[in-house]
Amino acid sequence: MAPDGNMTNGFKVVGTRPKRPDGIDKVTGRAKFGADATAPGMLHASIVRSPHAHAKILKIDTSKAEALKGVKAVVTRADFAEGLTGENWNILENVMASDTALYDGHAVAAVAATTALGARDAAKLIEVEYELLPHVTDVDKAMADDAPVIRAGAADKSVPEGLHPNVVRYHESGHGDVDKGFSEADLVVEDSFKTEATHQGYIEPHACLAQLGSDGKGEVWCCTQGHFNVQKVCAALVGTDSSQIRVTPSEIGGGFGGKTVVFIEPVALALSRKANRPVKLVMSRSEVFRATGPTASTSIDIKIGMTREGKITAAQGVFRLQGGAFPGAPMEFTAMCAFAPYSLENVHQVGYDVMSNRPKQAAYRAPGSPMAAFAVESVIDELCNKLDLDSIEVRLKNASKEGTKASYGPKFERIGLVETLEAAKAHPHLTSPLAEGQGRGVSCGFWFNHGGETAVSLALSEDGTVAISVGTPDIGGSRASMAQMAAEELGIPYESIRTTVADTATLGYNEISHGSRVTYASGLATIKAARDAVKKLCGRAAAKWGIDEDAVVWEDGCAKPSGPNAGDFEPLPLAKIARSMGRTGGPIVGHYEATPEGAGVSFATHIVDAEVDKETGQTKIVRYTVVQDAGKAIHPTYVEGQFQGGAAQGIGWALNEEYIYGEDGRLQNSGFLDYRIPVASDLPMIDTVIVEVPNPGHPYGVRGVGETSICPPLAAIANAVSNAAGVRLTELPMSPPRILAALDAQANG
Amino acid sequence: MDYHTPGSFEDAAAIAAKAEGVTRFLAGGTDVLVQLRADMVTPDVLIDIKQIAGVKDIAREEGGWRIGAAVSGAEMTEHNELDQEWPGVVEAMDLIGSTQIQGRATLVGNLCNGSPAADSVPALVAAGASVSVVGKSGTRKMPVEDIPAGPGKTNLEKGDVVSAVHLPARGDNAGDAYLRFIPRTEMDIAVVGCAVNLRLDGGKVIEARVSLGAVAPTVLLVEDAAQAIVGTSLDEAALEALAAAASSACNPIDDKRGTIAFRTHVAGVLAKRAAKIAYERAGGAK
Ligand SMILES: Cc1cc2nc3c(=O)[nH]c(=O)nc-3n(C[C@H](O)[C@H](O)[C@H](O)COP(=O)(O)OP(=O)(O)OC[C@H]3O[C@@H](n4cnc5c(N)ncnc54)[C@H](O)[C@@H]3O)c2cc1C
């Protein structure tokens with residue numbers, strides 16, 4: 001194998017299913033999560049939050065709280081950095097309101113006390129005087145002429161004139177001539193869709209322990225998907241230098257995009273600076289719902305034209321996303337992903353980023369894409385039904401392939417959509433009979449995947465074992481995958497390698513664990529770091545043998561002469577070289593730093609059977625199959641886990657999860673009792689098929705898998721439910737009252 | 001917070017009568033402790049009734065049953081005789097929460113917490129159950145349907161404590177059933193609950209009680225619904241009349257858990273389904 005070469009077969013460790021290294025810790029409860037950190041003299045903090053959707057903050061009186069026994073510090077906006085601009089200003093405004101509370105749950109003050117109960121009591125003593133302002137929480141209403149303005153001047157240059165000031169960003173893309181395309185169609189179907197905001201629903205609430213001295217030096221222990229980002233944001237918000245804040249990530253009890261954002265760490269730091277004591281801050285579940293990012297809610301119009309033979313002649317979509325009281329709803333992703341599975345001559349998409357009085361949206365697995373797929377794939381299903389065409393064949397006929405000009409611009413490289421459709425077609429699920437009251441739905445889905453700044457180091461120990469340091473928190477079993485890739489390169493056992501998620505002082509900047517990037521980017525960096533170490537190992541062997549470095553190769557964990565001409569020497573195993581490394585040139589460490597840009601896009605096809613009780617509107621998912629292109633599955637069990645997890649979260653989003661706001665703009669269901677994520681008994685066993693079409697941008701062909709899996713479920717389930725109920729459902733969640741109402745409306749003409 | 005562990009219901013009642021501020025009895029604590037932790041209700045006085053003799057007993061009484069105030073759901077489910085005679089009451093209690101909750105939660109707590117959606121309450125009402133209340137002027141019996149006064153409120157007076165639940169003698173050819181509607185399969189609150197208890201004679205319904213939960217401020221005992229099936233062999237027409245009577249008795253609210261239209265409609269659907277199950281349990285062939 002060439003040192004920089006790609007390899008797609010002949011693996012020894014990659015593709016096997018070794019035990020996860022953090023398994024024992026997790027099942028015995030030894031693993032340390034965000035709230036498990038303690039420090040001597042530690043204080044507990046509590047945040048005061050606005051009960052109003054939109055209100056001017058007239059006055060904050062902290063005197064009573066400060067007088068309470070045990071209270072050591074109170075902070076308000078005045079205790080954070082001034083003069084911030086751009087996204088840092090937005091983050092600070094969200095972390096601690098300045099003069100206006102923008103949503104129910106918006107932080108307005110915080111207190112630290114010697115006990116958690118004391119902090120809670122003190123928070124109740126902080127008196128905030130509000131002047132109520134009109135509010136809006138619905139995306140369509142927030143765009144209407146009479147909507148209250150959330151923040152004047154928040155719109156950027158992309159927004160055309162004449163739109164409401166709540167529309168803060170605008171996107172338009174596509175190619176061809178859609179009018180011409182629609183005129184060539186035998187049937188054009190147009191429909192409008194809405195999806196509610198859903199929360200990532202991670203089981204571990206945000207938690208941190210922070211310390212900041214008057215010298216500006218700080219320590220943060222927290223639960224996050226990206227500690228380097230926490231470092232950067234905290235430094236800006238409390239006004240110190242990045243390098244003075246060291247952040248150590250804890251184990252993470254779920255993130256799904258929701259822990260790519262900073263909410264509480266700067267507050268704990270500001271309190272700590274004031275109290276001169278370490279401060280622990282743990283969110284309650286209700287705070288998580290009210291004040292951390294759910295995904296955006298959407299309002300979508302789709303129009304697609306098709307010939308009698310099933311060829312799509314034109315497609316167009318309008319995507320309006322509400323992302324809370326700040327810019328940033330991922331409407332361009334929604335627009336760009338919507339038609340990506342299809343090779344289209346005429347396609348046009350428009351996106352609106354709309355502000356409303358809701359919490360600032362945060363990424364949630366493939367941000368923006370699942371909602372687009374829901375709308376687009378529902379219309380395709382409707383076209384297939386009306387034209388009496390097979391839903392898989394139609395998708396195959398229009399599928400994007402290598403060389404297709406994507407709906408969002410570039411030409412696709414090697415991709416695996418057709419392979420997922422073929423695998424779905426061959427799967428017994430697709431031809432299994434349906435019982436009375438059941439319906440079947442299929443859908444495709446697409447996600448870009450991401451590379452991003454990455455640094456990895458790989459150090460040899462004297463005994464021949466290896467420590468890998470990565471800077472991407474392990475949110476899906478990546479410590480195992482990294483060890484597998486290093487084992488593959490080094491030719492040593494998986495068990496001889498330990499992967500650690502290192503703190504911000506140990507490695508160069510690592511982007512957040514997001515964009516399905518970790519197995520791709522940290523994996524690539526691990527492979528390259530291992531190859532760097534191998535080069536050094538070969539160098540030591542060459543020196544020992546007195547031959548040229550180029551005359552040494554690495555095979556099966558040993559340095560060997562490259563051939564008879566190089567000389568006749570006993571192979572030198574890694575352990576042997578490592579044992580003497582102190583005497584032969586010092587520690588051997590391989591490392592790699594780069595911003596890899598070859599993340600391969602990925603596609604999936606899902607098949608779902610749903611059963612609808614037409615008397616009560618209740619839906620049961622009876623069978624579910626995920627087919628997805630993983631490029632190369634390093635640890636197939638974790639890939640399957642990602643597939644199943646995406647489907648499970650999609651089932652919740654499609655059927656019952658939703659942010660419910662009252663007339664007063666307050667969130668009505670800020671707990672798991674009424675925010676209904678599926679429980680285990682709600683789900684069938686989710687079947688998985690891993691398709692492997694190698695990504696040319698990764699040495700082993702890896703594509704990210706964590707996000708694509710949540711793109712098709714909303715649509716596939718909506719198609720199954722609509723086919724079972726005999727009526728098209730266009731609004732999510734498809735809760736029992738909504739299904740009954742749709743059946744009623746149909747019955748009453 | 002003052003915490004008491006009285007040795008008798010008389011002592012418990014006396015402590016409650018004298019208590020100042022927010023007072024709560026502690027049975028299983030699955031409402032009380034959750035409300036405390038969620039910062040919703042912090043009692044000033046907490047009176048634990050679990051030290052009182054006999055509170056964990058399920059005993060025969062006048063051909064029926066006496067169920068102590070601290071008997072948990074799991075203990076009821078494991079009691080074969082009770083389950084054979086009152087499967088509707090047992091299944092209603094068994095629907096509450098998870099395995100962990102089942103080890104603690106009680107009928108009395110479910111009733112006295114005052115939730116209109118409490119699962120065991122419609123089943124108790126349909127069964128014709130009553131409770132013993134120990135208060136200032138001694139012990140009195142009250143029908144279960146007389147306890148709830150509205151969401152979070154009961155007709156118990158300050159100083160009243162419930163000591164036991166009484167189920168009447170089952171008698172022959174009778175059966176009961178409880179169904180609830182929740183959007184998920186478990187761990188949820190009833191959007192509608194319905195219990196039916198009936199007795200047959202030669203395939204004909206001769207006695208019936210129909211009760212609805214979560215469709216009004218308190219549990220409903222729906223006489224019209226019972227009358228719709230008495231004298232019938234639960235044919236289609238009787239079932240439709242039952243559904244119509246159940247639906248028209250509803251006086252629900254629109255909230256995050258369901259709409260008025262939805263609750264009203266589903267009350268009828270559940271009434272039909274529960275009646276069919278009770279009918280079969282009573283020995284009627286369907
Ligand atoms: C996870 C979870 C799931 C749940 N699921 C359900 C469900 O599916 N269906 C449902 O109906 N409920 C559910 N509940 C609510 C709760 O479990 C039930 O209401 C339970 O029956 C309460 O019984 P307890 O013994 O725990 O009551 P406690 O919490 O001990 O007491 C509840 C109330 O009753 C009063 N009380 C207790 N004993 C007496 C007495 N002897 N005399 C007078 N008043 C008394 C108390 O003062 C308090 O107000 C759930 C709760 C949790 C935490």
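Figure 1. A compact globule of 749 residues would have a radius of gyration near 27 Å, and chain A agrees because its value is 27 Å (taken over C-alpha atoms; the rule is 2.2 Å times the number of residues to the power 0.38). Along the principal axes, the C-alpha atoms of chain A fill a box of roughly 90 × 75 × 50 Å. In this predicted model, local features need pLDDT of at least 70 and side-chain atom pairs count only at pLDDT 80 or more, while totals for chains, interfaces and linings use all residues. Residues are numbered from 1 along each chain as its sequence is written, and chains are lettered from A and ligands numbered from 1 in the order in which they are written.

**Figure 2. Domains of chain A.** An automatic or database domain assignment divides chain A into domain 1 (368-449 + 600-747) and domain 2 (451-594). Taken over C-alpha atoms, the centres of domain 1 and domain 2 of chain A are separated by 39 Å. In chain A, 14 residues of domain 1 are in contact with 14 residues of domain 2 (C-beta atoms, placed from the backbone, within 7 Å).

**Figure 3. Shell around the ligand.** The ligand is surrounded by 28 residues (C-beta atom, placed from the backbone, within 6 Å); the closest are Ala27(B), Gly28(B), Gly97(B), Gly109(B) and Asn110(B). Helix 7 of chain B gives the most to this shell, with 4 residues (helices are DSSP runs of H or I, at least four residues, numbered from the N terminus).

How values were computed
Helices (H or I, at least four residues) and strands (E, at least two) are DSSP runs, numbered from the N terminus. Two residues are in contact if their C-beta atoms, placed from the backbone, lie within 7 Å.
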